[in-house]
Amino acid sequence: QLRLIKSAFSCDLVRVATFMWAPGTSWVKFPGTFQGATIEGALTSAPHHPVAQTTDPGTEDWLSQIDQFYSTATSTVLQEFATTPDIDGNMLIDNTIIVYVTEVARAYDSNQQNMPLIVFGGKNTKLKGGTFLKVQGGALPTQTGGSGNRPFNDLWLALAPVFGVPLASLGDPT
């Protein structure tokens, strides 16, 4: 599916796409021993989501290997975007913004504070590369510990002007 998106982008048929490896409630099964890590209980296989509700170190290692699997697959796609010519002579990644995000910061309690995300974009996207931001103390009330978050829609508001879309707000800011 990602190769279809890449082809559609490189042929300038579409310029916006959404792709999800799996939802947070995924029932995609992984082997009980995956990339050297073994899930608690020596199961032969298990879906990603139900076992994520634990703090068992072995299971956390197993879940980490699944995250690494998805990250490696994403890296492969990014490398293909970096070597595929776009219609303007640049590489496809130069004209593309890719947001790599998860639904939760911690799986075992579904905490949504400090949710990690990575934004990839090339030289023609107006994004400043090589930047790490830790956003703290936002407008949302405390959820499960901590001092609150910035609304996640602030990310989409910050990206909207890159696409020529002027937005003053997006959704309910509270």
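Select Gln35 to begin, and colour it by accessibility: Gln35 is partly exposed, with a relative accessible area of 44%, where partly exposed means between the cut-offs for buried (under 20% relative accessible area) and exposed (over 50%), using a 1.4 Å probe and protein chains only. This is a predicted model, in which local features need pLDDT of at least 70 and side-chain atom pairs count only at pLDDT 80 or more, while totals for chains, interfaces and linings use all residues. Residues are numbered from 1 along each chain as its sequence is written, and side-chain values use heavy atoms, with hydrogens and water left out.

Staying on Gln35, you will find this residue in the loop between β2 (33-34) and β3 (37-38), where strands are DSSP runs of E with at least two residues, helices are runs of H or I with at least four, and both are numbered from the N terminus. Although Gln35 is not a glycine, its phi is positive, at about 50°.

Next, select Asp12, which sits in the loop between α1 (2-10) and β1 (29-31). Asp12, again not a glycine, has a positive phi of about 60°, and with a relative accessible area of 38% Asp12 is partly exposed.

Finally, move to Asn90, in the loop between α2 (57-83) and β5 (97-101). Is Asn90 buried or exposed? Its relative accessible area is 18%, so Asn90 is buried. Show the residues in contact with Asn90 (heavy atoms within 4.5 Å): leaving aside neighbours within four places in sequence, they are Thr84, Pro85, Asn95, Lys123 and Asn124. With Lys123, Asn90 makes a side-chain to side-chain polar contact at 3.3 Å, a polar contact being a pair of N or O atoms within 3.5 Å, of which, within protein, one must be able to donate a hydrogen and the other to accept it, and residues adjacent in sequence count only if both atoms are side-chain atoms.
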